[in-house]
Amino acid sequence: MSTSRRDLRIYAVGTKKPIIISYTDEHLSITSGSAIQVPLRQVIGAQHNGRSLEISYIWRKKTDPMTLIKLVGTVDDPDEPVLDAWITTLLHMAYEGVKRGRRLKVLINPHSGTKKGVSIFNKTVEPILRAADCSLDVIHTERAGHAYEIAKTMSLDYDAIVIISGDGLIHEVMNGFAHHEQPVNAFKIPIAPVPTGSGNGLSLNILGMADGFDVCAAALNVVKGLPMKVDVFSFTQNGKRTISFMSQALGLAADLDIGTDNLRWMGEARFTYGFFRGLVQFKSCPIELSYKAAELDKDKMLDSVQNRKTKTTSDSANDQEGTALPALKYSTDDEGWSVLSEPLLYVYAGKGPYVGRDLMAFPASLPDDGLIDIAAQLVSSRTEVLLNFAGAPKGEHYWKENLKYIKAHAYRVKPLAPKGAVAVDGEVFPLEEFQVETHQGLATLLSPYGHYAAEPPPRPKTST
Ligand SMILES: Nc1ncnc2c1ncn2[C@@H]1O[C@H](COP(=O)(O)OP(=O)(O)OP(=O)(O)O)[C@@H](O)[C@H]1O
């Protein structure tokens, strides 16, 4: 397509060489000697003051992290109506299908990860949100539980809630929404994580391995991401219902989280420490696991993941009706439960492929299939478990015979020994009888893709 009517010539301060700027339906082109093409999705702002033009965009040089660029220059032969129209059309195209200037609630946890959340927000995230004309209502969380209280009582007229923290704060926000006076409407507010925690599983699931720890990519998602419905779980223990959005871990898998809380300064390494500590102890996981099966065939499950990637929304993800939190469906002793009888080393159940960079725990997970993925490691040797974890960052252990992988509507755990713990989204609960069931499409995330970004592991040529 012709771009001539859209060409502008500007001069950066102190230079005589012109920069030619133009755009097509897909790119903003900037030419000054060499040329770069910025995808319009990465263009977030443009303004002029009659003579000077400023364009803000997110740019990545080769494999570097993304960064905010502000291109500023004096326009050659300025004509105000032409400049107005040029900017209006550029922004219209750059924000196609997305509201410009989102109204955002921003929660910053100064305590998460390596405690850099506040400076990352000030230096990197806020300039991007401001350049995109977002209006911000920023709160620094003051204690554990603060985000829960905020989410429980917040007004619902925000376009998104931005979480500058790790997965723990997202767990709090989801539980706050569950106790909001309008829980279903609260869950319609999209959640957008900015990864400043240790594991940052949700950010990895939304943005993928390459961008999951990139705070600029996350800020761009805040500005341009589209709402994606996602299932959440009710974890019910002793009559108390807790919302879980990511995982429930028992046995060796729980060791990753439990007792490593005081090691947040280590960043992600605390999970590796937790894993090796668990491997040294090598305790079995004495539980009875029963489940309402939906799918047991690993090949079929990964076919569904590939099919889902061709769509930006699910056929089955229905918008929640009503205002009350969905009732529990499986609270009575109904039929159709299967029991896993083999001895187990760990059980990890959840939603979203990654729980951290070291572990793609649920390669077959879909955001909105209304099911929970259960990975149950049968008791085997230390060496086999160690080998399984060697391929875990890419989810290769999925294909191991000694890993049972079940898609279920619900599951139950009965402990067979008095001691132990279960980690729910990383928070510690006692190992007492519990049940988990799914609520299809109850919560909302912002996503660049409309599906999880992870690439599931291909079936190995030789079976293991
Ligand atoms: N001001 C604060 N002081 C102490 N703790 C806080 C404060 N604000 C929030 N918290 C608590 O910090 C905990 C850790 O936060 P979060 O889980 O987001 O980070 P993380 O554990 O480093 O990352 P991840 O969960 O991704 O591994 C949360 O459980 C939250 O309750």
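Over how many bridges do strand S6 and S7 pair in the antiparallel sense?

**Entry 1: the model.** I worked from a predicted model, in which local features need pLDDT of at least 70, side-chain atom pairs count only at pLDDT 80 or more, and totals for chains, interfaces and linings use all residues. Residues are numbered from 1 along each chain as its sequence is written.

**Entry 2: strands.** I found eight bridges between S6 (residues 52–59) and S7. Strands are DSSP runs of E with at least two residues, helices are runs of H or I with at least four, and both are numbered from the N terminus. Two strands pair if DSSP finds at least two bridges between them. I then looked up S1 (residues 8–11), which runs antiparallel to S7 (residues 67–75) and is joined to S7 by two bridges. Thr74 in S7 stands opposite Tyr11, and Thr74 is also the bridge partner of Ser52.

**Entry 3: domains.** I noted domain 1 (4–94), domain 2 (103–224) and domain 3 (234–312 + 334–436); such bounds come from an automatic or database domain assignment. The centres of domain 1 and domain 2, taken over C-alpha atoms, are 30 Å apart. Their contact takes 10 residues from domain 1 and 11 residues from domain 2, where contact requires C-beta atoms, placed from the backbone, within 7 Å. On the side of domain 1, strand S5 (43–48), S6 and S7 each give two or more residues.

**Entry 4: ligand.** I counted 22 residues around the ligand, the closest being Ser112, Ala144, Gly166, Gly168 and Gly197; a residue is near if its C-beta atom, placed from the backbone, lies within 6 Å. Helix H4 (residues 167–178) gives the largest share of this shell, four residues.

Notes: Two residues are in contact if their C-beta atoms, placed from the backbone, lie within 7 Å.
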